Amino acid sequence: MADIVATIQAEQDDVIRADLPGVLVVAGGAGTGKTAVALHRAAFLLYTHRKRLASRGVLLIGPNPIFLRYIDEVLPSLGEHEVQLATLPGLKPQYQVRAEDSPAVARVKGDARMARVIARAIRDREHPLPRDLVFPLDGTTLRLRRSRSARIVERARSRPGTHNAKRPMVVRQVIEHLRSQYSATLGAAAPDDPDWDHEVDARLRRLPEVRATVDRMWPVLNGGELVHDLFSFTALIRSAADSILSRDDQAGLHRPRSPRFDDVPWTEADLALVDEADAILGPTEAARPRRRRARRRGADDTATRVVAELGVGGFITADELAARYGGGNGSGPDDPDELRTFAYVLIDEAQDLSAMQWRMLARRCPSGAMTLVGDFGQASKPGALPGWDEVLAVLPKRMEPRVVTLTVNYRTPAEIMDVAHRVLAAAAPGVEPTRAVRRTGIAPEFVTTSEAELVGEAAVSAREALEDRGTVVIIAPADMHDALIAELADVGALAGSVEALDAPVAVLTPLEAKGLEFDHVIVLEPARLVTPDSAGLRLLYVTLTRATRHLRVVHALPLPEALVPEPMGVRA
């Protein structure tokens, strides 16, 4: 990466300096400098269009936190500190990913049809009363008929706006209907006084029967609650998904209901669905009565002025001040329901995103100005769209997208790419291989050993690599990481965290290694490392192409057929 950043080539420079508006696709195989181009483009755009971009910011999406740490060390060298880095789950920080979907379920959750399922699930929560509401007030009987509740719901549905933003209208219509009945029973004794009307309205709002009625007709919801409820009950799934998903697909969505919301086993694919729901529901703050929202805005404005006048911005933010001293009218310094948007968005490893994840990203870039960086020869996540045409079809089309393909591999030696291209041909026959521009004279090594000696042999390889200097990684199945760390404790090996990048030996999974590069790569037991299908072989291709100098494959089980080496490269 450092070499490419320092020596940007002509084909890369044209991409970096492309015009700001619209979607720019940067395609290219492993080692073509796609990530370096994305980082340079972020820096170039901020330098050239700072006034236009700085107020709303630039967002760069990466595949995992380790990758973000990796590029976070490069951006300052380009003179930029104002690019916000995030993973997709990081866009919904209030939800913790605790589980992993099966490939079949991940494909369903990522399918664009899920947008219709989510919309229908929300509509299912907007419904009239099952029977008339009847209750006493001051010796009179008030009634909200089911037919009247149905008209109120339909009227709210027909209005523009988000679900939560329309709740005050539903509340107002219910209250006004009940007040008019109450006034009618009083006849001439009913005061013609707005203050009296407001007092009656307040009394009605506080009644448990009325509050329960409004909650049933038009509940305040956030996306997490909606998706949690939806997946917890088969009946809700069927109501939302019938005629959209097959019954088998629906069955995969169901999971046991967690006793507490904080314990929900969210998956990465869930978060795009939560975001879809949040977009339709809108912030829960919008469901508050207008006067309370106005008081909140007033407190925020006052806090902003106080912070500016006192010059204490380095110690406390306006949101924190309003939350602390605003009388409890705020919802906290950062309302998690509010959607943060950006002036420009760059997405690296874009080949791994589903249709629902692309919808999630499109909402964060209203201008449609985006750079998409990826290689479908490295696509390995279930549910990901199959090509750029499908990706561009999901994104709003404000102008004709531009597609640029990088063809020259500046990073990986030709000796390693000769091996990797055999895997690529089996994994993605339609993807053109890149052209490596350098040879080192060092062929990849394949070491056959026994299962009992796998960890020890990998440790020996790592120690040899350390003597040769440079960065070292062991890419191994997750269940072997603890043993590898123990075996290499004396050299300070680390696994599975951003700190691994600073360790003498990093121990990673193939997904954690995405987008990274190391001088010495040791691949441990490929047959267990990836699944024996096209997606697994594409992930194996990713793994092999992380090396900039030397590649060694250590195995006990037979190698995948596409990886079987030429006889001269084998060492036993």
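Me: Which residue in β14 does Val472 stand opposite?
Reply: This is a predicted model, in which local features need pLDDT of at least 70 and side-chain atom pairs count only at pLDDT 80 or more, whereas totals for chains, interfaces and linings use all residues. Residues are numbered from 1 along each chain as its sequence is written, and side-chain values use heavy atoms, leaving out hydrogens and water. Helices (H or I, at least four residues) and strands (E, at least two) are DSSP runs numbered from the N terminus, and two strands pair if DSSP finds at least two bridges between them. Strand β12 is joined by four bridges to strand β14 (residues 505-508), with the two running parallel, and the residue of β14 that stands opposite Val472 is Val505.

Me: Which residue in β15 does Val473 stand opposite?
Reply: Strand β12 (residues 472-475) also has four bridges to β15, again running parallel. Along this pairing Ile475 faces Val523, and the residue opposite Val473 is Val521.

Me: How many of the residues of strand β15 are buried?
Reply: β15 has parallel neighbours, for it is joined to β12 by four bridges and to strand β16 (residues 547-555) by six, with Val521 standing opposite Leu551 in β16. Strand β15 (residues 518-524) is largely enclosed by the rest of the structure, because the number of its residues that are buried is seven of the seven.

Me: Which strands stand at the edges of the open sheet of six strands?
Reply: The pairing in this open sheet is parallel, and its six strands follow the order β3-β2-β6-β7-β1-β8. Each edge strand has a single partner strand, so one side of each is left without a neighbour in the sheet, and these edge strands are β3 (83-86) and β8 (402-406).

Me: What is the bridge partner of Ile61 in β6?
Reply: Strand β2 (residues 58-61) pairs in the parallel sense with strand β6 (residues 344-347) over four bridges. In that pairing the partner of Ile61 is Ile347.

Me: How many of the 10 residues of helix α12 are buried?
Reply: At the start of α12, a side-chain oxygen of Asn222 comes to within 3.1 Å of the backbone nitrogen of Gly224. The buried residues, among them Leu226, Val227 and Phe231, pack against several helices, including α6 (103-110), α7 (114-124) and α15 (268-281). Helix α12 (residues 223-232) is mostly covered, and its count of buried residues is nine.

Me: At what angle do α12 and α13 pack?
Reply: Two packed helices are described by the angle between their axes and the distance between the axes. Axes are lines fitted to C-alpha atoms, for helices over the stretch in contact, and angles run from 0 to 180 degrees between N-to-C directions. The axes of α12 and α13 lie 5 Å apart, and the angle is about 105°.

Me: Which residues does His163 contact beyond its neighbours within four places in sequence?
Reply: His163 belongs to helix α9 (residues 163-186), and its relative accessible area of 2% makes it buried. Contact means heavy atoms within 4.5 Å. Leaving aside neighbours within four places in sequence, the contacts of His163 are Ile122, Glu126, Trp218, Pro219, Leu221, Ile280 and Leu281.

Me: How many Å apart in space are Gly22 and Glu400, C-alpha to C-alpha?
Reply: Gly22 sits in the loop between α2 (10-16) and β1 (23-28), and it counts as buried at 9% relative accessibility. Gly22 and Glu400 are 378 residues apart in sequence, and their C-alpha to C-alpha distance is 7.2 Å.

Me: What percentage of the residues of the protein count as buried?
Reply: The protein has 24 helices and 17 strands. Among contacts between residues at least 6 apart in sequence, 77% join residues at least 24 apart. Of the 572 residues of the protein, the part that counts as buried is 51%.

Methods. Buried means under 20% relative accessible area, exposed over 50%, partly exposed in between (1.4 Å probe, protein chains only). A polar contact is a pair of N or O atoms within 3.5 Å; within protein, one must be able to donate a hydrogen and the other to accept it, and residues adjacent in sequence count only if both atoms are side-chain atoms.
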